[in-house]
Amino acid sequence: MAVQDIAEAVVVFDEAKVVDLIKAEIAANTEVDEILNTGLIGAMDIVGKKFSDGELFVPEMLMAAQAMKAGLEVIKPHLSDGAAGARGTVVIGTVKGDLHDIGKNLVALMLEGAGFDVVDLGVDIDAEKFVEAAIEHNAGVIALSALLTTTMPTMKNIVSAVKEAGITVKTIIGGAPVTAAFADQIGADGFSTDAPGAVELTRKLLAA
Ligand code: B1M
């Protein structure tokens, strides 16, 4: 049994095997970070490469995503390190035109685990919905995720709309194609490459 076997099960969409292998690794006291990074996130990198190389197509990517989500559910209780709702509210979503939600879900999960109240708007979310939700929930941070180069410009629209709305909320951005330079360019308050980094950033911005 090895963490790499989890990645292999994700790549062949064997959801039941993913769940069983993760349960076994947890029982064997394997670090949850290793299960997450090597077993699950590593698997999606393999899937992405196979897609780029024309070996896998959209339906297979979707099935791999489902297997990864099933695995995330198993490790979810082990990612927690704080009291829920004690540190402020984060409104999170994947931007308009973009349906990728695994990374966003992971960021949401880790923020919750770190004690933030998280309002997850889901995918394909426009500027108006982000602004409305931030006002309704008195959010301290709006967190935007994008996985497509074509949806990155939407982040700029959302950051601009938040500023125009005149609300005191910070915007943070992330997702595979997003860079620190892009965050600076569009006037976002912060950027992170991964979910733990998004938690650290949120802590800093909210002094929580
Ligand atoms: Co899509 N897809 N996809 N896809 N997909 C990518 C992103 C791609 C890189 C694949 C490839 O070509 N190699 C490529 C994008 C190319 C580009 O724009 N440069 C791509 C494409 C082209 C497409 C379609 C256009 C394919 C098509 O229809 N022809 C289409 C677009 C649909 C749409 O959104 N409108 C599409 C569809 C899909 C599926 C629906 C089949 C499925 C998504 C299912 C789902 O999410 N529910 C899917 C998948 C699974 C992928 C790959 C294989 C995996 C993405 C993933 O979940 N990674 C992906 C290739 C890859 O990334 N290697 C690919 C694991 C996840 C944990 O990582 O989301 O990066 P990630 O999140 C990370 C960090 O980015 C960060 O934290 C996480 C880790 O800790 N992070 C943040 C994310 N958000 C953050 C926010 C933050 C901070 C950090 O602060 C707010």
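**Domain interface and ligand surroundings**

Colleague: Across the interface of domain 1 and domain 2, how many residue pairs are in polar contact?
Modeller: This is a predicted model, in which local features need pLDDT of at least 70 and side-chain atom pairs count only at pLDDT 80 or more, while totals for chains, interfaces and linings use all residues. Residues are numbered from 1 along each chain as its sequence is written, and side-chain values use heavy atoms, with hydrogens and water left out. A polar contact is a pair of N or O atoms within 3.5 Å; within protein, one must be able to donate a hydrogen and the other to accept it, and residues adjacent in sequence count only if both atoms are side-chain atoms. With both residues at pLDDT 80 or more, the number of pairs that the rule finds across this interface is one.

Colleague: Which helix supplies the largest share of the side of domain 1 that touches domain 2?
Modeller: Helices here are DSSP runs of H or I with at least four residues, numbered from the N terminus. Both α3 (32-52) and α4 (58-75) supply at least two residues of that side. The largest share, four residues, comes from α4.

Colleague: Which residue forms a salt bridge with aspartate 101?
Modeller: A salt bridge is a side-chain nitrogen of Lys or Arg within 4 Å of a carboxyl oxygen of Asp or Glu, and the count between domain 1 and domain 2 is one. The closest N and O atoms of the pair are 3.1 Å apart, and the partner of aspartate 101 is lysine 69.

Colleague: How many residues of domain 2 are in contact with domain 1?
Modeller: An automatic or database assignment sets the domain bounds, giving domain 1 (2-78) and domain 2 (89-207). Contact means heavy atoms within 4.5 Å. Eight residues of domain 1 take part, and the number in domain 2 is six.

Colleague: To which ligand atom does a backbone N or O atom of threonine 149 lie at 3.0 Å?
Modeller: Glycine 97 has a backbone N or O atom 3.0 Å from a nitrogen atom of the ligand. For threonine 149, the ligand atom at 3.0 Å is an oxygen.
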